[in-house]
Amino acid sequence: MGTRIIGTGSCLPGTVVTNDDLAKIMDTSDEWISTRTGIRERHLAKEETTAGMSAEAAGRAMENAGVTAQDIDLIIVGTVTADNVTPACACEVQALIGADHAVAFDINAACSGFMFALHIAHAWLQTGVYRTALIIGAETLSKIMDWSDRSTCVLFGDGAGAAVVRADERGGLLAFDQGTDGVRGRVLSCPNRSNNNPLVRTSKELQYVHMDGQEVYKFAVTQVPASLQKTVEAAGLNVGDIDYFALHQANIRILQAVAKRLKVSEEKFPVSLDHCGNISAASVPILLDEMNRQGLLKPGMKVALAGFGGGLTWASAVLEW
Ligand code: COA
């Protein structure tokens, strides 16, 4: 039994913040940000919440798939910025969309969150326990950024992407690979939790995202092509057989470096980071939804997906659309 993506949806907050807008509130420039990252603008949440955007993206994905909330057996949200510690974002989504009999939970695998959720859903759909799953990547990263650190806050954005996946005898997901490297995890971290234990003396000050950009860059440009190569081979294909590489949208230079290492044209790497920035777990499903709605994805096409980031975590998949 295989797993097929049968519908996609996404939701971005209404407020667009350009690089020039950021240059008005910190010492940066459109030139610095766009040449080093490819990012020109990002959407930042004001009233929007992680759960609200997730539900909106989920509704669009269900409509695209031709299913209703009553068809959904499982909801998994990949996020590091759920609105609450509990209830989980997935539980709030369940309530918002009315998926009464679904089981719902969140996972934290940072920028690989959507990919890990896809693999978990695949494992359960294969057993026959569930038939239809809603997998979501959603973030309001703006609330965990250090807005006094220009080297990180300019890179990220907010939004949500969703996909409906269904057990399918004709396949769909052909192969996947995933991994973690906790030893190097601190190169991208965000403590951001206060400790309310009266027996423990801790600073009440929340700490925000901290990143060693160059180490993360080195990790991405070695681990991602290696994982993709492995997955493509496990699917019985060559990299030249892949029609599109839909990768986590962190930095245009990472996409270019991965294309170069795989010896594949950059044209096969669609881009959304120019108008979205890096939205962690939401990047891959938002990109996939944009590709789907632009009509780029045709039945039978081979599409490689990859997520990578905090943890450190990485995951790739090859699917037949
Ligand atoms: N605007 C202007 N100048 C900035 C800046 C900004 N937003 N951010 C940093 N700078 C400055 C630094 O202060 C430094 O100045 P200095 O030389 O006077 O000290 C200079 O630019 C170079 O900084 P550095 O951090 O060495 O830049 P870099 O070339 O490594 O590029 C990244 C930084 C973040 C773009 C790059 O490391 C990167 O893309 N890493 C991967 C990050 C990523 O994708 N993370 C998410 C993965 S999920």
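Buried means under 20% relative accessible area, exposed over 50%, and partly exposed in between. The legends below use these words for a predicted model.

**Figure 1. Aromatic pair of Phe 105 and Trp 124**. Phe 105 has 25% relative accessibility and therefore counts as partly exposed. Trp 124, at 33% relative accessibility, also counts as partly exposed. A search of the whole structure gives 4 aromatic pairs. In the pair of Phe 105 and Trp 124, the ring centres are 6.0 Å apart and the planes stand at 70°, so the pair is edge-to-face. Phe 105 belongs to strand 5 (residues 103-107) and Trp 124 to helix 5 (residues 113-127), so the pair ties together parts that are 19 residues apart in sequence. Together with Tyr 130, Phe 105 and Trp 124 form one aromatic cluster.

**Figure 2. Residues around the ligand**. There are 21 residues around the ligand, and Thr 28, Arg 150, Gly 213, Gln 214 and Asn 251 come nearest. Thr 28 places a polar side-chain atom 2.7 Å from a nitrogen atom of the ligand. For Arg 150, a backbone N or O atom lies 2.9 Å from a nitrogen atom of the ligand. Gly 213 likewise has a backbone N or O atom 2.9 Å from a nitrogen atom of the ligand. On its own the ligand has 970 Å² of accessible area, of which the protein covers 70%.

**Figure 3. Make-up of the shell around the ligand**. The shell consists of 9 nonpolar, 9 polar and 3 charged residues. Helix 7 gives the largest share, 4 residues. At least three residues of the shell come from each of domain 1 (2-170) and domain 2 (174-320).

**Figure 4. Two cis peptide bonds, at Pro 87** **and Leu 312**. Most peptide bonds are trans. The bond from Thr 86 to Pro 87 is cis, with omega near 5°. Pro 87 sits in the loop between strand 4 (74-78) and helix 4 (89-97). The bond from Gly 311 to Leu 312 is cis as well, with omega near -15°. Leu 312 is in the loop between strand 12 and strand 13 (313-320).

**Figure 5. Positive phi at Lys 263** **and Ser 280**. Most residues other than glycine have a negative phi. Lys 263, which is not a glycine, has a positive phi of about 60°. The loop between helix 8 (252-262) and helix 9 (273-276) holds Lys 263, and this residue is exposed, with a relative accessible area of 76%. Ser 280, also not a glycine, has a positive phi of about 45°. Ser 280 is found in the loop between helix 9 and helix 10 (283-293). Its relative accessibility is 3%, so Ser 280 counts as buried.

How values were computed:
Residues are numbered from 1 along each chain as its sequence is written. This is a predicted model: local features need pLDDT of at least 70, side-chain atom pairs count only at pLDDT 80 or more; totals for chains, interfaces and linings use all residues. Side-chain values use heavy atoms; hydrogens and water are left out. A residue is near a molecule or strand if one of its heavy atoms lies within 4 Å of it. A polar contact is a pair of N or O atoms within 3.5 Å; within protein, one must be able to donate a hydrogen and the other to accept it, and residues adjacent in sequence count only if both atoms are side-chain atoms. Accessible areas come from the Shrake-Rupley method with a 1.4 Å probe; for residues, only the protein chains shown count as cover. Helices (H or I, at least four residues) and strands (E, at least two) are DSSP runs, numbered from the N terminus. Ala, Val, Leu, Ile, Met, Phe, Trp, Tyr, Cys and Pro count as nonpolar, Asp, Glu, Lys and Arg as charged, and the others, Gly among them, as polar. Domain bounds come from an automatic or database domain assignment. Rings of Phe, Tyr and Trp (its six-membered ring) pair if their centres lie within 6.5 Å; planes under 30 degrees apart count as stacked, over 60 as edge-to-face and the rest as tilted. Buried means under 20% relative accessible area, exposed over 50%, partly exposed in between (1.4 Å probe, protein chains only).
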